[in-house]
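Please examine the sequence and the model shown below. The paragraphs that follow lead through the structure step by step.

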Amino acid sequence: MKTIIIGGSHGGIQTALTLKKVKPKDTVIVYERNDFISFIASGINLYLKGAVKKLADAQLFKEKEVAKAGVDLKKRHEITAVDFAEKRVEVKNLATNQVSWESYDSLVLAMGSTQKSVELSEESDGDFVKTYKSFAESQTLLAEIEAAESITIVGTGYIGVELACTFCQIGKGHKINLIESGSSILNRYYEEKLVASVETVFKENNVKLLLNDTVFSVAPLANGKKLVKTTKTELESDLIIYAINGRPNTGLLEGQMITLPDHTIKVNEYMETSVPDVYAVGDLVAYPVTNVRGRMYTPLVNETVRTANVAAMKIAGMPVKYQANQRTTFTKVCGRYLGSIGMTVKQADFEGRDYKTFLYETKDGNGELLQLFLVFDEVSYVVLGAQVTGSENLNGVIDYLSLVINRQVTVEELVTMDCAFHPEINLPYHFINEAALRCMQKQLRRR
Ligand SMILES: Cc1cc2nc3c(=O)[nH]c(=O)nc-3n(C[C@H](O)[C@H](O)[C@H](O)COP(=O)(O)OP(=O)(O)OC[C@H]3O[C@@H](n4cnc5c(N)ncnc54)[C@H](O)[C@@H]3O)c2cc1C
């Protein structure tokens, strides 16, 4: 059997590796138009903070590993057309410009996404607004960061906030403006009170945070800087960075398969598209989310590798279903760990849920503020969402809360949900249990 994979980033390579592991005799070819595979999009942060020695080290899968697995990786090859009826793809060798057709038994679409400005018009953004998802874009941007004194970052989702924090941490004296249309940073994931400590660090590091503001044009000035016009003000900056998520690269398939209104490809729980033997993974698809009607576009590496495994196992004849996620996200910014799982208040409103909330605040092992915010169903007390922040690594807590929401656990059940204890490590009563207990007590007092 022969599988062709379009795209050699995390989704394409993970699919290839899993498939070769279970079907070593299968032919698996990955076509990637760039020279670099599986670049970690936040590589700039890793490099600037010294977590990797060079930008090229920000790579999830190495070429050596791919070759060792027996995957036929063809870099600098672009798929320029697909012919589903004949089960073949048109391949352009970008080094020689030669074009040929290659047939497949199974085809995996892993073309991912590209960052595109949504608010600015084509004429006004042009080359002046930078994004940095690929290795090449990140390399160019790094050189510009070195040369810049003032930088404007547009958007305070994880991408923008992590970048601004990197600048605070490296302390090279960049003058940073951070622009957000909402009333607080990271507002798609956290309530205002949970991000207040990060906003304070920004203020302490002279990051100019412009909330409730929107950029509507960017233009070059005679002095080499760019003029950023927002709804409230005008700013001059050497460099403008758009910190936005990508949009699915589905242009190649225009009109040939079923897509959803957000331009993602419609797939079932095995990542099968509406065309037989054709699968789509990673940033090309939207996901079912626990407690949410319809699907949500959550382009993340963890989703990408999970869907890649689902597609590979289906092709191999050992189907594993993709199940709903909880939109579990996690970051470490300005010395704080933050995790968001399931519904925020905004989402609960959007979904028309009757809910209550509870905020538990205490001190963590470092004596710093530890917060757990719960959103739960008003009648059943089923936990719908959780947000957690602290100065210690909360990875395990976040994954635990993800399972709590996935399994529809109630606040009452959470009071006694099992958590481990060791006297040298933690307290016998986990803060999750304590928070749930306090929440129940508050509800009882209200009755
Ligand atoms: C700045 C930034 C930071 C991010 N940080 C994080 C993070 O910290 N954690 C996290 O979980 N997620 C993060 N993400 C999201 C993450 O990068 C994506 O979810 C992930 O890259 C998706 O992987 P993918 O394989 O689906 O697609 P992509 O990484 O988009 O790759 C698609 C590949 O397909 C190739 N391709 C496209 N069309 C063709 C064609 N016709 N022929 C040949 N090749 C083609 C492209 O060149 C590309 O290499 C970040 C995104 C951005 C923009």
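The buried residues of α1 are His 10, Gly 11, Gly 12, Ile 13, Gln 14, Thr 15, Ala 16, Leu 17, Thr 18, Leu 19 and Lys 20; a residue is buried if 20 or more other C-beta atoms lie within 10 Å of its own, exposed if 12 or fewer, and partly exposed in between, with C-beta atoms placed from the backbone. Helix α1 is thus mostly covered, with eleven of its 13 residues buried. Helices (H or I, at least four residues) and strands (E, at least two) are DSSP runs, numbered from the N terminus. The buried residues of α1 pack against β1 (2-6), β2, α3 (63-68), β7 (106-109) and α8; two residues are in contact if their C-beta atoms, placed from the backbone, lie within 7 Å. The end C-alpha atoms of α1 are 18 Å apart, which agrees with the 18 Å that its 13 residues should span at 1.5 Å a residue; the expected span is 1.5 Å times one less than the number of residues.

The model is predicted: local features need pLDDT of at least 70, side-chain atom pairs count only at pLDDT 80 or more, and totals for chains, interfaces and linings use all residues. Residues are numbered from 1 along each chain as its sequence is written.

Helix α8 contains Ala 312. This residue counts as buried because 29 other C-beta atoms lie within 10 Å. Leaving aside neighbours within four places in sequence, Ala 312 is in contact with Thr 15, Thr 18 and Leu 19. Between Ala 312 and Ala 67 there are 18 Å in space, C-alpha to C-alpha, and 245 residues in sequence.

The protein chain is divided into domain 1 (2-38 + 59-113 + 246-315), domain 2 (122-242) and domain 3 (329-441), with bounds that come from an automatic or database domain assignment. The centres of domain 1 and domain 3, taken over C-alpha atoms, are separated by 35 Å. Four residues of domain 1 are in contact with six residues of domain 3.

Of the 33 residues around the ligand, Gly 7, Ser 9, Gly 11, Gly 112 and Gly 282 come nearest; a residue is near a molecule if its C-beta atom, placed from the backbone, lies within 6 Å of it. The elements that give two or more residues to this shell are α1 (10-22), β2 (27-32), β4 (77-83), β8 (113-115) and α8 (301-315). By class, the shell holds twelve nonpolar, 16 polar and five charged residues; Ala, Val, Leu, Ile, Met, Phe, Trp, Tyr, Cys and Pro count as nonpolar, Asp, Glu, Lys and Arg as charged, and the others, Gly among them, as polar.

A nonpolar core is a set of buried Ala, Val, Leu, Ile, Met, Phe, Trp, Tyr and Cys residues joined through C-beta atoms within 7 Å. The largest has 66 residues, and those with the most contacts inside it are Ile 153, Ala 164, Ile 241, Leu 374, Val 383 and Ala 386. Helix α6 (residues 158-170) gives the most to this core, with seven residues. The core draws at least three residues from each of domain 2 and domain 3. Apart from it lies another core, of 44 residues, among them Val 108, Leu 109, Val 310 and Ala 312.
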